[in-house]
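Student: I am new to this structure and would like a close look at one part of it. Could you pick a spot and walk me through it slowly?

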Amino acid sequence: MSTPQSNPAGEHTRHSFPGTTEEVHAPSAEEQEVAAQMRDIAEVPAIEVITTAAVHLMSAAAVKCGLADGDDAEELKDLDEARKLITALAGFVTAAAPEIGSQHAGPLRDGLRSLQLAFREASELQDAPGKGPGEKFTGPVN
């Protein structure tokens, strides 16, 4: 144990082993903010984190399918990117469904199916049945 008498270096160093010192530092504002965010996220139920992540993937995929609001929807369309997002969403929803239950998985599956159909409609070249985005996880969508 260190006392002011046995620690002549002062309050800001701590002797761990003979011949070594370790700086004691007060957490910065940034570190305090990160700690607060970690406490906040720890209070969020897993189902909320999962559905929020799925909604983010859905939103991004919708924009990339050309479904964005506004005059620039066609400019934002990128079917290659949409395919990646829809496939990731399909894998995510398929993996999460047993954990989150049908009450939560059902709407996510419906949204996924809508995106798969929107992708098919937006594509000039049609994928073979079962080869569209995410269909390796969901099966053919028609």
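Tutor: Let's begin with a nonpolar surface patch of about 420 Å², made by Val34, Met38, Ile41, Val44 and Val49. A patch here joins residues with over 30% relative accessible area and no salt bridge: like charges within 9 Å, or nonpolar side chains (Val, Leu, Ile, Met, Phe, Trp, Tyr) within 5 Å. The areas come from the Shrake-Rupley method with a 1.4 Å probe, and for residues only the protein chains shown count as cover. This is a predicted model, in which local features need pLDDT of at least 70 and side-chain atom pairs count only at pLDDT 80 or more, while totals for chains, interfaces and linings use all residues. Residues are numbered from 1 along each chain as its sequence is written, and side-chain values use heavy atoms, leaving out hydrogens and water.

The largest share of the patch, three residues, comes from helix α1 (residues 29–42). Helices are DSSP runs of H or I with at least four residues, strands are runs of E with at least two, and both are numbered from the N terminus. Val49, another member of the patch, is found in helix α2 (residues 46–64). With a relative accessible area of 40%, Val49 is partly exposed; buried means under 20%, exposed over 50%, and partly exposed in between (1.4 Å probe, protein chains only).

After α2 comes Gly66, whose phi is positive, near 90°.

Now follow those covering helices to some charged pairs. Side chains of opposite charge can pair when their charged atoms come close. A salt bridge is a side-chain nitrogen of Lys or Arg within 4 Å of a carboxyl oxygen of Asp or Glu, and a search of the whole structure finds five. In helix α4 (residues 79–100), Asp80 and Lys84 lie four residues apart, about one turn of the helix. Their side chains meet in a salt bridge at 3.5 Å, N to O, and Asp80, Glu81 and Lys84 are linked in a network of such bridges. Asp80 is partly exposed at 47% relative accessible area.

Arg120 lies in helix α5 (residues 102–122) and Glu135 in helix α6 (residues 135–138), so the pair ties together parts 15 residues apart in sequence. Glu135 is buried, with a relative accessible area of 5%, whereas Arg120 is partly exposed at 22%.

One last stop is Asp78, in the loop between α3 (73–76) and α4. Asp78 and Ala122 are 44 residues apart in sequence and 10.0 Å apart in space, C-alpha to C-alpha.
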